[in-house]
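Visitor: Please show me how to read the features of a model like this one. I would like the general idea each time, and then the case at hand.

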Amino acid sequence: MQQSKKKRRLEIQFQGESGFDASSGEQQGVTRGFYADIAEALVSCKHCQVNCPTIGTSKLPMWIPDVDNSGEVIIPTPRANPLSILGVFPYPLGHTSPFIKDVCKQFHLIGRLFAASLRDGFIFPLPLSSSFLFLIQHVGNAKTIDFASVDEPVSKESMVYTPSIIDYNMELVLNGANLPRPGFFGGEVYAFETYICNKLDEYDKQDLSEQELLCKREELARNTDFAKRYLGKNYNCSFEDFAAAKKFVDPLCPYQNECSYPLCPEGWQRQLTIHNVREWVLLAKRFMLLDGVSMQAEAFRQGVDDFFPATSLSFFTSLELQREVCGEADTVKKWNELSVRKLFKLDGGKGANEARVIVAAIGGEGGVSLSRRFSDSSPTFGYLVKALTETTCIKRRQFLSFVTSLPIETPGEIEVVPIVNSSGEFLPTSLLSMPRANTCARRLYLPKFDSYEAFTDVFWAVVREESRFKGFFEWRGP
């Protein structure tokens with residue numbers, strides 16, 4: 001990227017629309033919406049594969065695919081660390097994968113967007129796992145990836161084990177606490193390590209005969225409590241039965257055969273058992289936390305380097321990057337009446353006062369309408385607060401997307417403006433005065449409502465429909 005382009009601020013204008021972003025201040029809703037739309041697309045199942053990487057589709061294996069109930073979105077999930085914040089983590093790929101080149105290009109783009117949003121003070125609401133961000137911060141010893149030189153796609157039949165093309169000369173950057181949490185996709189690796197492997201280590205330290213040690217191992221393998229207690233399943237299943245379908249290949253691939261990426265030479269021919277589980281866990285951890293995701297992390301760093309040195313990311317902790325850039329620090333789930341009221345401002349602030357002065361100075365007739373505002377005790381404003389307090393987290397995020405273009409809390413208050421006529425009279429709801437929003441100004445326009453039931457019926461219907469445009473659709477009346 002040319003040096004001059006690195007310094008340019010990213011600003012967005014919609015084709016066919018008259019509005020555009022201001023270069024500073026809070027009037028930047030369109031650009032905020034651009035980042036939100038890209039982030040949403042990057043975790044959509046229309047873009048991402050949700051099964052074992054399969055040839056013959058345009059979808060890419062971007063993330064470990066925990067999917068929501070609708071089957072349309074890959075959802076952020078926790079790591080094994082109980083203090084971890086939800087996030088998406090890359091699907092591990094071998095460097096001979098037919099998808100690795102295109103996936104790395106996507107992560108290069110993500111790195112660019114991440115850097116641009118950090119530089120310009122925007123939220124890029126892609127819910128990246130802090131574990132992946134930590135890996136990104138610490139893969140600086142990796143060789144630069146030339147995407148053009150990455151191996152051409154190989155057929156399933158020629159899939160063979162080969163060491164990573166990136167020489168790290170170091171141990172794992174991440175540890176077992178960064179694996180998927182048991183109960184989520186891929187969580188069995190952590191469960192094997194913390195329960196089965198730790199028990200085996202305990203047995204080895206005891207003064208047991210070979211026969212006693214063998215009996216202990218077999219008893220551990222056949223304990224039918226394993227699935228319920230350590231995998232979060234709702235059924236009984238022993239380690240032995242659960243591992244019967246596992247080979248020394250990509251632990252996330254459901255096929256577990258020669259089409260799966262091997263963890264060791266001819267890994268698809270090696271069955272996972274209680275006797276080799278410690279070796280399997282070491283190989284699986286290395287694949288999932290380093291070898292299978294290192295190229296994605298380095299591609300991300302190269303994207304950051306297009307804007308500023310990626311080493312600058314070390315000035316932040318991975319949690320700070322996750323919270324401040326990805327916006328994973330909001331409290332939407334914890335909203336109550338007090339926190340909802342703090343989201344809004346009713347007086348319009350300095351800009352509204354200046355507008356009233358200008359209108360009065362030129363003898364205009366709009367001063368009265370500009371001066372009319374809801375008060376903190378206005379019934380309509382109370383209906384808004386009650387609706388947001390009582391509704392679901394999904395609807396709260398739809399509301400935020402409708403008014404600010406982002407489905408998360410971001411700095412700045414939302415201005416609530418009554419819809420009035422030229423005489424300053426509050427207009428009741430009608431086809432000509434429906435709730436609407438201006439995301440660039442973080443402004444919500446509301447007509448007057450006579451009851452809470454009428455408010456919720458109209459308000460949520462408008463939010464649901466208009467949130468498809470995230471407040472950008474230019475209002476021209478019915």
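**Charged pairs**

Guide: Let's start with Asp120, which is buried at a relative accessible area of 11%. Buried means under 20% relative accessible area, exposed means over 50%, and partly exposed lies in between (1.4 Å probe, protein chains only). This is a predicted model, where local features need pLDDT of at least 70 and side-chain atom pairs count only at pLDDT 80 or more, while totals for chains, interfaces and linings use all residues. Residues are numbered from 1 along each chain as its sequence is written, and side-chain values use heavy atoms, leaving out hydrogens and water.

Visitor: With which residue does Asp120 form a salt bridge?

Guide: Side chains of opposite charge can pair when their charged atoms come close. The criterion for a salt bridge is a side-chain nitrogen of Lys or Arg within 4 Å of a carboxyl oxygen of Asp or Glu. Here Asp120 pairs with Arg119, with the closest N and O atoms 2.9 Å apart. Arg119 is partly exposed, at 28% relative accessibility.

Visitor: How many salt bridges does a search of the whole structure find?

Guide: The search finds 16. One of them joins Arg301 and Glu298, whose closest N and O atoms are 4.0 Å apart. Both residues sit in helix α10 (residues 294–305), three residues apart, or about one turn of the helix. Arg301 is buried at 9% relative accessibility, and Glu298 is buried at 6%. Elsewhere, Asp201, Asp204, Arg217 and Arg278 form a salt-bridge network.

Visitor: Which parts does the pair Glu415 and Arg373 tie together?

Guide: Glu415 is in strand β2 and Arg373 is in the loop between α14 (367–371) and α15 (379–390), so the pair ties together parts 42 residues apart in sequence. Their closest N and O atoms are 2.7 Å apart, and Glu415 is buried at 5% relative accessibility.

Visitor: In what order do the four strands form their sheet?

Guide: Helices (H or I, at least four residues) and strands (E, at least two) are DSSP runs, numbered from the N terminus. Two strands pair if DSSP finds at least two bridges between them. In this open sheet the order is β1-β2-β4-β3, with mixed pairing. The edge strands, each pairing on one side only, are β1 (344–345) and β3 (436–438). β1 runs parallel to β2 (residues 414–418) over two bridges, and Phe344 has Ile414 of β2 as its bridge partner.

Visitor: Where is the kink in α5 centred?

Guide: A bend at a residue is the angle between axes fitted to the seven residues ending there and the seven starting there. In α5 the kink is about 25° and is centred on Cys197. Buried residues of this helix include Phe192, Tyr195, Cys197 and Leu200.

Visitor: Which residues have the most contacts inside the largest nonpolar core?

Guide: In soluble globular proteins, nonpolar side chains tend to be buried together. A nonpolar core is a set of buried Ala, Val, Leu, Ile, Met, Phe, Trp, Tyr and Cys residues joined through side-chain atoms within 4.5 Å. The largest core here has 84 residues, and Trp63, Phe114, Leu128 and Phe239 have the most contacts inside it. Helix α3 (residues 100–120) gives the largest share, nine residues. A second, separate core has 29 residues, among them Leu346, Ala387, Phe402 and Phe455.
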